Amino acid sequence: MGKNVLNFVERIKGQDVAFVLSATLLTAIVDVLYYAIHDGDCVKSFLILGANYMMALGMYLLLRLADLAHLGRVIKWFFGLVISFYFSTLVFCWYCFGNPMDKVIIALIAGTNKEETHEFFQTYITPSLLVLYCLTVLLVFGLFIWLTSRQYRKPTGRLLKGLGLCVLVGCCCLGFSFYTLPGRIEGLLRTEQKDLSDYLHHPEMKEIRDSHPDIIMIVIGESFSRSHSSLYGYDKPTNPRLSLLRDSGQLITFQKVTAADTHTSEAFKHFMTTFRHDSPDEDWFRYLTLPEALHASGYHTAWFSNQAKTGWYDNVTTSFANLCDTVHFTSVTGEGEQDSRPDGIVLKCLKNYMQSVGQERRQAVFVHLMGQHVNFQQRYPANFARFKEKHYASCQESQREDFATYDNATLYNDHIVAGIFETLKGKNAIAVYFPDHGLDFYESSPDYCSHANTSKQASVEAALKIPFVIYTTESYRSTHPAVMSQLQQMSQRPFNTEDLPDLLLSVAGYQVVR
């Protein structure tokens, strides 16, 4: 045992330690340049530089301990596979999104449900790209094994081997990846998988108006770009039913609306709580939630969703749903539902609920739709396939199918949202409809149609432009003329969906005292 310890100490001395430190130098430089140029934070750069060295030493010591346990080859191959897969994933992310695998991309996958994740991979991982990905993994893994296994003669051979490994590790962003990726995942787990009932505020509400709506309905869509809404001047009649409601004075259309964020999880954190982009505390879950505020105002809260109750244990939207008194998901993982469910299923459930509720309690009802989430052709039944590729002759041929299927999904969404509003007829009720975010629908690039590419400002701006409408019943309009006048004025001013809690509490006739 003593001899083994001496051999171990001997092997981590001198050139070996120098080699490990040199092997991280290139990646450390990459980190310094990235944070210094991109963020302008040189101090942060050098802190990460030091962390990379500590990480490298830790990995080296682990390899040496594995040698003592006669597991050196297994551990080495394991690290080689991890490096190979991660390098290939980085190439994929840079190619598709113009970004490394950062928090936005992880949140896009982790903060959604099983179906959307499946569709995300269907959309981006084409067969040819999958083959290229696998070949890249094999190439990098082969290079890693060759460089770490072949014996070289001193001193030129060792220098060649050292330079080769330095380039390999640098290209794989080993220091950057292994230091930051676990922290990003841990941050997501820490902040996104929360039981919000542990952070209740028990607010005291002040009545600011004598009359209150009996029903407040919040309809949340998905991936609806304002540029494809005929309510906002789009040349295809994608919103015929909502346009009729607007023309008859039942619908107020807000003209200058931006989404709180370009991705579902982040957007929900803002418009479902009092958390703001300029809030001093970054822990969104510590802020007052909209369901709790409405409940404290005397409203029975209900949540109906056509998004699956899945994700990483407890995704952001489900966390808010679980705060409500009544919760209904049309799909729960493991129950064998169809992979694609048009939103008509949630409309049917909502109609049954609205017919069954009594008049003794006021209702605040949240409805979360699948909307126009990719894949677009799965979002509507066959009888809503009104738009065809031939209707988009002015578009590039590669874009025409997306235009047709997206506009069909938007047309069906119009039918569903108008049907939801119809459930409120004859009641003292008000409803808002808006999507969580829009899409970059070939607006920043002729070959890009998806969630915002956060590395391109034009893409972000396109995905932030969304529709926002308020529906009111005849009973509500007659009993709340002052509020109607305020809403009409607000509709012409800039509005961000993170201000939704303030708007709805004002509509309800309450404000938070503490």
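Modeller: Two strands pair if DSSP finds at least two bridges between them; helices (H or I, at least four residues) and strands (E, at least two) are themselves DSSP runs, numbered from the N terminus. This is a predicted model, in which local features need pLDDT of at least 70 and side-chain atom pairs count only at pLDDT 80 or more, while totals for chains, interfaces and linings use all residues. Residues are numbered from 1 along each chain as its sequence is written, and side-chain values use heavy atoms, with hydrogens and water left out.

Biologist: Thanks! How many bridges join β2 to strand β8?

Modeller: Strand β8 spans residues 429–435, and β2 and β8 run parallel. Within this pair, Met217 stands opposite Ala431. The number of bridges joining β2 to β8 is 7.

Biologist: Which residue stands opposite Ile220 in β7?

Modeller: Strand β7 (residues 362–368) also runs parallel to β2, and 6 bridges join them. Opposite Ile220 you will find His368.

Biologist: And which residue in β11 stands opposite Ala431?

Modeller: Here the sense of pairing is antiparallel: β8 and β11 (residues 469–472) are linked over 4 bridges. Across from Ala431 in that pair is Tyr471.

Biologist: How many residues of β2 are buried?

Modeller: Buried means under 20% relative accessible area, exposed over 50%, and partly exposed in between (1.4 Å probe, protein chains only). On one side of β2, Ile215, Met217, Val219 and Gly221 are buried, and on the other Ile216, Ile218 and Ile220 are too, which covers both faces. Of the 7 residues of β2, the buried number is 7.

Biologist: Back to the helices. At what angle do the axes of α10 and α15 cross?

Modeller: The axes of α10 (residues 240–247) and α15 (residues 400–422) come within 7 Å and cross at roughly 45°. Angles under 35 degrees count as roughly parallel, over 145 as roughly antiparallel, 65 to 115 as roughly perpendicular and the rest as oblique, so α10 is oblique to α15. The contact involves Pro240, Arg241, Leu242 and Leu245 of α10, with Leu411, Asp414 and His415 among the α15 partners.

Biologist: How many residues of the contact of α14 with α15 are nonpolar?

Modeller: The axes of α14 (residues 344–356) and α15 lie 10 Å apart at an angle of about 5°, and the two helices are therefore roughly parallel. Gly344, Leu347 and Leu350 in α14 meet Tyr412, Ile416, Gly419 and Ile420 in α15. Ala, Val, Leu, Ile, Met, Phe, Trp, Tyr, Cys and Pro count as nonpolar, Asp, Glu, Lys and Arg as charged, and the others, Gly among them, as polar. The contact has 2 polar and no charged residues, and its nonpolar count is 5.

Biologist: How many of the 9 residues of α19 are buried?

Modeller: Helix α19 covers residues 500–508 and is largely enclosed by the rest of the structure. Among its buried residues are Leu500, Pro501 and Leu503. After α19 comes Gly509, with a positive phi near 90°. The buried number in α19 is 7.

Biologist: Which residues does Ser475 touch, not counting those up to four places away in sequence?

Modeller: Ser475 lies in α17 (residues 474–479) and is partly exposed, with a relative accessible area of 30%. Its C-alpha atom and that of Asn428, 47 residues apart along the chain, are separated by 5.0 Å. The residues it touches are Lys427 and Asn428.

Biologist: Finally, what percentage of the 514 residues in the protein is buried?

Modeller: The protein has 19 helices and 13 strands. Its buried residues make up 54%.

Conventions. Axes are lines fitted to C-alpha atoms, for helices over the stretch in contact, and angles run from 0 to 180 degrees between N-to-C directions. Contact means heavy atoms within 4.5 Å.
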